[in-house]
Amino acid sequence: MLERARRAIGKPYEWGKEVDMADSDPLAFDCSEMIQWTVDPAFAEFPDGAINQFSFCRELRQDQPLFPGDFLFLKYLSKKDGKEKWHVGIVSTDVSIIHALAGQGVIEGPISFFEGHRGWMGAASRRRHPELT
C-alpha cells in the first residue's frame, strides 16, 4: 500500500477527482481518492470519501500507536462556505504522512500537520479488515 501511495507523491490536487482504481498512474487526486487508489488493489470494497473511510475503518484510541498504513483524519469547517469538510492521509513513517492538499498536490509531510490541527478527528486503522493488512 505505501509503495503505491509514494507513487502518488507529486501529483496535483483536484477536488472531487474520480480516479479509475485500475489506472496505474492517475493524473490527479483529492485526499480520499488518493487513499482509495492506494488501498483498492488490496480491497476493492474500500469506500470513497474521507467520512466514509473513517466509518469503515477501526478507530484508534489516542494512546494507541500509529503504524505505517494507518489513516489520519481531520474534520473542519470550510473557510469558503462554512460547511463541514473531512481530510484524510496515510501514515508513512512514525513522523510522516502522505496526503493530497489543495494548492500542494500529493505530498509527504509531518504528522504534526494533523496532530496540531484543531479539527483533529483521530486515527483509524486499516487493520479492521484482514484484507487491508
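**Surface, fold and largest pocket**

The protein exposes about 7200 Å², and carbon and sulfur atoms supply 50% of that area. The model is a predicted one. Of the 133 residues in the protein, 48% are buried, where buried means under 20% relative accessible area.

The fold may be read next. The protein contains 4 helices and 6 strands. Along the sequence these elements follow the pattern α-α-α-β-β-β-β-β-α-β.

Attention may now turn to empty space. Rolling a probe the size of a water molecule over the atoms shows where such space is left. The largest pocket has a volume of about 970 Å³. Its lining is formed by 32 residues, of which Tyr13, Trp15, Tyr76, Lys85 and Trp86 are the closest to the centre of the pocket.

Which elements each supply at least two residues of this lining? They are helix H2 (31-39) and helix H3 (50-56), together with strand S2 (71-77), strand S3 (84-91) and strand S4 (96-101). Strand S3 gives the most to the lining of the largest pocket, with 4 residues.

The lining of the largest pocket has 13 nonpolar residues, 11 charged residues and 8 polar residues. In this classification Trp and Tyr count as nonpolar, whereas Lys counts as charged.

Technical notes
Residues numbered from 1 in each chain as written. Predicted model: local features only at pLDDT ≥ 70, side-chain atom pairs only at ≥ 80, totals over all residues. Heavy atoms only, no water. Buried < 20%, exposed > 50% of the residue type's maximum accessible area, 1.4 Å probe, protein only. Areas by Shrake-Rupley, 256 points an atom, 1.4 Å probe, with all protein chains shown as cover. 1 Å grid on protein atoms, 1.4 Å probe; cavity = no way out; pocket = protein on both sides within 12 Å on 5 of 7 lines; lining within 4 Å. Points joined across faces, edges and corners; volume = space filled by probe spheres on them.
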